[in-house]
Amino acid sequence: MKIKIFFQVFIVIVLFFTTFIIAVFFGSARLRTSDILTILTHKPMGLDIQDIDKSTVAIVWALRIPRALLAIAIGGGLAMSGAAMQAVTQNVLADPYILGVSSGALAGVSAVCYFFPHHPNLHIL
């Protein structure tokens, strides 16, 4: 039994790192794999990266890595909230409509659009 749990945890950790690496390596800007590997191995240690363009370092370090970490954190949060909702309702098919979460979110978005009509981020909606 413990070997099965260990194997499942190992698979989850491998999938976590694989997903992170794929998210960092692929994007709209075409970057060399060697540059990305150099940034991933040298930048966290504080080592000097002289031979790589500063825009490449900025794309990987300031855009791709935070986006990948944020996506993983948001996915984990959604998984935990879904598991909590299933536990509260004792229904494996629980969805946000059961407890009114979707209606509350819609009310919040409507209130923001009404009270802050000229907010700069509302063009997204």
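Colleague: Arginine 32 first: buried or exposed?
Modeller: Exposed, with a relative accessible area of 54%. Keep in mind that this is a predicted model.

Colleague: Which residue does arginine 32 form a salt bridge with?
Modeller: Aspartate 35. The closest N and O atoms of that pair are 3.0 Å apart.

Colleague: And aspartate 35, is that one buried or exposed?
Modeller: Aspartate 35 counts as buried, at 11% relative accessibility.

Colleague: OK, on to helix H2. Which of its residues are buried?
Modeller: H2 covers residues 33–42, and its buried residues are Asp35, Ile36, Ile39 and Leu40.

Colleague: Where do they sit around the axis?
Modeller: On the same side of H2, because they cover an arc of only 130 degrees around the axis. In an α-helix there are 3.6 residues a turn, so residues three or four places apart point the same way.

Colleague: What covers that side?
Modeller: The cover for the buried residues of H2 includes H1 and H3.

Colleague: Take H3, then. What is threonine 56 in contact with?
Modeller: Once neighbours within four places in sequence are set aside, threonine 56 is in contact with Leu31, Asp35 and Ile39.

Colleague: Where in H3 are we, and is threonine 56 buried or exposed?
Modeller: H3 runs over residues 54–89, and threonine 56 lies within that helix. Threonine 56 is buried, with a relative accessible area of 10%, which is under the 20% cut-off.

Colleague: What does tryptophan 61 touch?
Modeller: Ile39, Lys43, Pro44 and Pro66, not counting residues up to four places away in sequence. Ile39 is also a contact of threonine 56.

Colleague: How far is tryptophan 61 from lysine 4?
Modeller: They are 36 Å apart in space, C-alpha to C-alpha, and 57 residues apart in sequence.

Colleague: Switching to the surface. Which residues make the nonpolar patch?
Modeller: Met1, Ile5, Val9, Ile13, Phe16 and Phe17 make a nonpolar surface patch of about 620 Å².

Colleague: Where does phenylalanine 16 sit?
Modeller: In helix H1, residues 2–25. Phenylalanine 16 is partly exposed, with a relative accessible area of 35%.

Colleague: And what's the accessible surface of the chain?
Modeller: About 10000 Å², and 70% of that belongs to carbon and sulfur atoms.

Colleague: Now the loop between H3 and H4. What's up with the phi of glutamine 90?
Modeller: Phi is near 50 degrees there, a positive value in a residue other than glycine. Glutamine 90 is in the loop between H3 and H4 and is exposed, with a relative accessible area of 73%.

Colleague: Where is aspartate 95?
Modeller: In that loop too, between H3 and helix H4 (96–99). Aspartate 95 counts as partly exposed, at 30% relative accessibility.

Colleague: How far is aspartate 95 from proline 44?
Modeller: Their C-alpha atoms are separated by 40 Å, and the two residues are 51 apart along the chain.

Colleague: Zooming out, how many helices and strands does the chain have?
Modeller: Five helices and zero strands. Along the sequence the pattern reads α-α-α-α-α. The radius of gyration is 21 Å, well over the 14 Å that the globule rule gives for 125 residues, so the chain is more spread out than a compact globule.

Colleague: What box do the C-alpha atoms fill?
Modeller: Roughly 55 × 55 × 25 Å, taken along the principal axes.

Colleague: What share of the residues counts as buried?
Modeller: 15% of the 125 residues.

Colleague: And what share of the contacts joins residues at least 24 apart?
Modeller: 37%, among contacts between residues at least 6 apart in sequence.

Conventions: Residues are numbered from 1 along each chain as its sequence is written. This is a predicted model: local features need pLDDT of at least 70, side-chain atom pairs count only at pLDDT 80 or more; totals for chains, interfaces and linings use all residues. Side-chain values use heavy atoms; hydrogens and water are left out. Patches are made of residues with over 30% relative accessible area and no salt bridge: like charges are joined within 9 Å, nonpolar side chains (Val, Leu, Ile, Met, Phe, Trp, Tyr) within 5 Å. Accessible areas come from the Shrake-Rupley method with a 1.4 Å probe; for residues, only the protein chains shown count as cover. A salt bridge is a side-chain nitrogen of Lys or Arg within 4 Å of a carboxyl oxygen of Asp or Glu. Helices (H or I, at least four residues) and strands (E, at least two) are DSSP runs, numbered from the N terminus. Buried means under 20% relative accessible area, exposed over 50%, partly exposed in between (1.4 Å probe, protein chains only). Contact means heavy atoms within 4.5 Å. The arc is that of the directions from the helix axis to the C-beta atoms. The radius of gyration is taken over C-alpha atoms; the globule rule is 2.2 Å times the number of residues to the power 0.38.
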